[in-house]
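Please read them alongside the coordinates.

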Amino acid sequence: MKILKTYEGFLNKDIIIRPMTDADVRTCMDIKFQYFGHFWGDLADPMTKEKHDRYSMNKLDKSVSIVAEINGEIVGGYILKKTKLPIITGNFYDFEGDDSTGIEGVSLFVHPDHKEKGIGHILKYYYKENPRPDVKFIWGQAFHGLKNIDHWLKSRKLFNDMGGVYFTIELYDGTIDKYTTTEHLAFYETNKKSAADYIEELAETGKSLEEIQGDELLSGFDPEEIKEITQYLNLF
Ligand SMILES: CC(C)(COP(=O)(O)OP(=O)(O)OC[C@H]1O[C@@H](n2cnc3c(N)ncnc32)[C@H](O)[C@@H]1OP(=O)(O)O)[C@@H](O)C(=O)NCCC(=O)NCCS
């Protein structure tokens, strides 16, 4: 077992942070499922444990994912994935041309018996507190329905808001301002909603793509980009 860090005297017990291994995956999936199992899926296509696990495993990158262990028992984990800067239609900042690598925070979870003792905090900031040259940032997606965006905005910046999902990022050198902002940020700040949400609303009222492209509020956007957003959101 490769111990990444031992936090001594933690609640009078030692807490170990170490890489997630194959042997940990089942326990991690079980802890995680009790929080998120109900979240995806609908009556027509309900979420099952199998589907949940498959989705999570697809995103699991053992080169960066970590677990927290106390007395040999897994008490929490962070499923992480190495990525480049996320270049997504509708981004508020222009990340093009920057080759830095970092991580996507896919899922952070702490066992219900061990919540609110600071374990989530240790996992959440692990790579910030223990820098690695190939991990310059952490970003993640948060469904609006989770209603937890304020937690993420304590340390991260919003860089996109599309399809009912917030996208947030923390650059460990703290310099999001070095990136040029896009018209999407200006739209968001003026209209208190993303251009994507506005486009979705217009589509829901029966407007055609051409009518949306001609909408006055969206005049600052390239019609092709508006089309891309409608495709991303499967609107037509
Ligand atoms: C979120 C969670 C991991 C926090 O772990 P914890 O050990 O109980 O919490 P801590 O006291 O160490 O707090 C850690 C951080 O979690 C944040 N947090 C608390 N509830 C949260 C939530 N529902 N979503 C996101 N972050 C949350 C806190 O704001 C705190 O942030 P900070 O360290 O920047 O101040 C834990 O409550 C949990 O497993 N919840 C269910 C799963 C979940 O909602 N995960 C987050 C979305 S992926």
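1. Two strands count as paired when DSSP finds at least two bridges between them. In this predicted model, β4 and β5 pair in the antiparallel sense over 9 bridges.

2. I103 stands opposite I138 in β6.

3. Is β5 enclosed or open? Of its 10 residues, 7 are buried, so the rest of the structure largely encloses the strand.

4. The largest nonpolar core has 47 residues. Those with the most contacts inside it are I66, A68, I119, L123, Y126, A195 and I199. Strand β4 (residues 73-84) gives the largest share of this core, 5 residues. The core draws at least three residues from each of domain 1 (5-178) and domain 2 (183-232). In soluble globular proteins, nonpolar side chains tend to be buried together.

5. Leaving aside residues up to four places away in sequence, L123 touches I66, A68, G76, Y78 and L108.

6. M162 lies in strand β7 (residues 157-162). Why does M162 count as buried? The cut-off is 20 or more other C-beta atoms within 10 Å, and M162 is buried because it has 22 such neighbours inside 10 Å.

7. With residues up to four places away in sequence not counted, M162 touches G90, S194, A196 and Y232. The C-alpha atoms of M162 and I229 are separated by 8.9 Å, and these residues are 67 apart along the chain.

Definitions and conventions:
Residues numbered from 1 in each chain as written. Predicted model: local features only at pLDDT ≥ 70, side-chain atom pairs only at ≥ 80, totals over all residues. Helix = DSSP H or I, 4+ residues; strand = E, 2+ residues; numbered from the N terminus. Buried ≥ 20, exposed ≤ 12 C-beta atoms within 10 Å, placed from the backbone. Contact = placed C-beta atoms within 7 Å. Core = buried A, V, L, I, M, F, W, Y, C linked by C-beta atoms within 7 Å. Domains from an automatic or database assignment.
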